[in-house]
Amino acid sequence: MNVTVLGATGFIGRALVAALQQRGDVVRTASLRDPARAAEASEGSDVVVNLAGAPVAERWTEERKRE
């Protein structure tokens, strides 16, 4: 299966990429910081996993919750 993982450098993303590669999937990664590259990497993929976003492993202050 061809899988694109956005946000692949995070805690979950690294583990997911390793697991997908171990089972034989073709994995492409991209960052949403470059939307054109992310779109290009996603073309032809069977699955796109979006893990990009703000980290959740931190104190949930009122300001953080608003973000």
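Biologist: What makes residues 62-66, where R64 lies, helix 3?

Modeller: R64 lies in helix 3, residues 62-66. Helices are DSSP runs of H or I with at least four residues, strands are E runs of at least two, and both are numbered from the N terminus. This is a predicted model, where local features need pLDDT of at least 70, side-chain atom pairs count only at pLDDT 80 or more, and totals for chains, interfaces and linings use all residues. Residues are numbered from 1 along each chain as its sequence is written, and side-chain values use heavy atoms, with hydrogens and water left out.

Biologist: Why is R64 called buried?

Modeller: The relative accessible area of R64 is 14%. Buried means under 20%, exposed over 50%, and partly exposed in between, with a 1.4 Å probe and protein chains only. R64 is therefore buried.

Biologist: Which residues is R64 in contact with, leaving aside neighbours within four places in sequence?

Modeller: A54, P55, E58 and R59. Contact means heavy atoms within 4.5 Å.

Biologist: How many residues of the protein are buried, as a percentage?

Modeller: Buried residues make up 25% of the 67.

Biologist: What pattern does the protein follow along the sequence?

Modeller: The pattern is β-α-β-α-β-α, with 3 helices and 3 strands.

Biologist: Why is the protein called more spread out than a compact globule?

Modeller: Its radius of gyration is 14 Å, well over the 11 Å from the globule rule for 67 residues, so the protein is more spread out than a compact globule. The radius is taken over C-alpha atoms, and the rule is 2.2 Å times the number of residues to the power 0.38. The C-alpha trace spans about 40 × 25 × 15 Å along its principal axes.
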